[in-house]
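Open the structure in your viewer and keep the selection tool at hand. This tour goes stop by stop.

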Amino acid sequence: MVDSVALLGSTGSIGTQTLDVARTHGVAVRALAANSDIATLEAQIREFRPALCAVADEDAARDLRVRVADTATRVLSGSDGVLDAARIDCGAVVNAIVGRAGLAPTIAAIEVGNTLALANKESLVCAGVRVMALAREKRVRILPVDSEHSAIFQCLQGAAGNKVRRVILTASGGPFRGMTRDALRTVTREDALRHPSWSMGAKITVDSATMMNKGLEFIEAMRLFDLEPQQISVVVHPQSVVHSAVEFEDGAVIAQLGTPDMRLPIQYALSYPERLPSPAPTLELAQYGALTFEEPDLDAFPALALAMRCAPLGDEVCGALNDANETAVAQFLSGEIAFYEIFERVNGAIAHIIRDM
Ligand code: NAD
Ligand code: MG
């Protein structure tokens, strides 16, 4: 287990679950960073006593500085402050920031040689080719936190140097699994935020509903594990028990199973190669009765197909895909556009880029 972490995105879903793991195993928290939720940051500072805390929002940083003036924690502000948190000397940087905002901290952590436990998949979508090359150059280990990628990474521990034939990336299918493209024209924001198996931040929950999340993860898997697109299959598995699998040359498939609880992949990224008791509930297969698998419906969920087309086209195209998606999801969450318009906007923004390539 690492002795200490810097936790970026500490107030979010992954951030607070990372603190659960840190609390369970007595991992020191050297730095915290978040956007603006200073009430949560104040409580985290008082519990974990980090050397520094970065708040991206300048006004919020000013307020927090006053609130924690009696502590030894130095409060930094703005995106430069977040980069300082990523560069602090620690056992691992956990990057749990949402969106492209996580990319610069990913690069900053790698530049100084910090081990990276990466939840921020958008770093690898926007600049995965560049990030992986930099990590190789700096000999920095990137440990996946995303549950599917953690699963693949865990399955690869049994590879003994053998070649991977195929990776099977599982998807829950989200709250709208089984619905037609037409039926998806009338779903609401509340419907989209009701994920059947995982409790997560708003952006990734909407990405799961459009299945863009699986598209982003397809790109993430290509970059992390150096795979060709034809080496990745997506299969819908609504119970979210098989977190992903790896197929070898002989047809043998090794899968990783567990309850849908992010504290398991978070902890593995921090304890690797060791395994330790976890606060996550244990898996009781008989309680599930059946595990089911089906093909993704690319007609109802065209975002997945679009991301799979972008995946081999490199950082620039995938970055444009990511940014168009971030904008459209924010517009959907603020009530400006309907659910089905997320894909229309993203497709409209990048169709010409793909056509011109
Ligand atoms: P969230 O919305 O719950 O939390 C996001 C965190 O990022 C918050 O702490 C927020 O303050 C911080 N943040 C946002 N903008 C920032 C900025 N500019 N500078 C510094 N901090 C900023 O999101 P989440 O669900 O925890 O997801 C975080 C990342 O992990 C995403 O990339 C997501 O795709 C990935 N992920 C999440 C889950 C999950 O179960 N939640 C699973 C797999 C992967
Ligand atoms: Mg995932």
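Predicted model: local features only at pLDDT ≥ 70, side-chain atom pairs only at ≥ 80, totals over all residues.

A disulfide needs the sulfur atoms within 2.5 Å. The structure holds 0 disulfides.

Stay with the cysteines. C90 is buried, because its relative accessibility is 11%, under the 20% limit. Now pick C155. Its relative accessibility is 4%, so C155 counts as buried too.

**The core**

Select V55, L64, I142, L270, L321, F339 and I342. These residues touch the most other members of the largest nonpolar core, which has 119 residues. The core takes at least three residues from domain 1 (4-120) and at least three from domain 2 (149-355). In soluble globular proteins, nonpolar side chains tend to be buried together.

Zoom in on L64. Which residues does L64 contact, beyond its neighbours within four places in sequence? They are I38, L41, E42, I45, C53, V55 and V75.

**The ligand**

Move to ligand 1. Around ligand 1 there are 23 residues, and the closest are T11, S13, N35, E122 and G201. Show the side chain of E122: one of its N or O atoms is 2.6 Å from an oxygen atom of ligand 1. Then show the backbone. G201 has an N or O atom there 2.9 Å from a ligand 1 oxygen. At G12, a polar backbone atom is 3.1 Å from an oxygen atom of ligand 1. On its own, ligand 1 has 820 Å² of accessible area, and the protein covers 86% of that.

Notes. Residues numbered from 1 in each chain as written. Chains lettered and ligands numbered in written order. Heavy atoms only, no water. Buried < 20%, exposed > 50% of the residue type's maximum accessible area, 1.4 Å probe, protein only. Core = buried A, V, L, I, M, F, W, Y, C linked by side-chain atoms within 4.5 Å. Domains from an automatic or database assignment. Contact = heavy atoms within 4.5 Å. Near = heavy atom within 4 Å. Polar contact = N/O pair within 3.5 Å; in protein donor to acceptor, adjacent residues only side chain to side chain. Areas by Shrake-Rupley, 256 points an atom, 1.4 Å probe, with all protein chains shown as cover.
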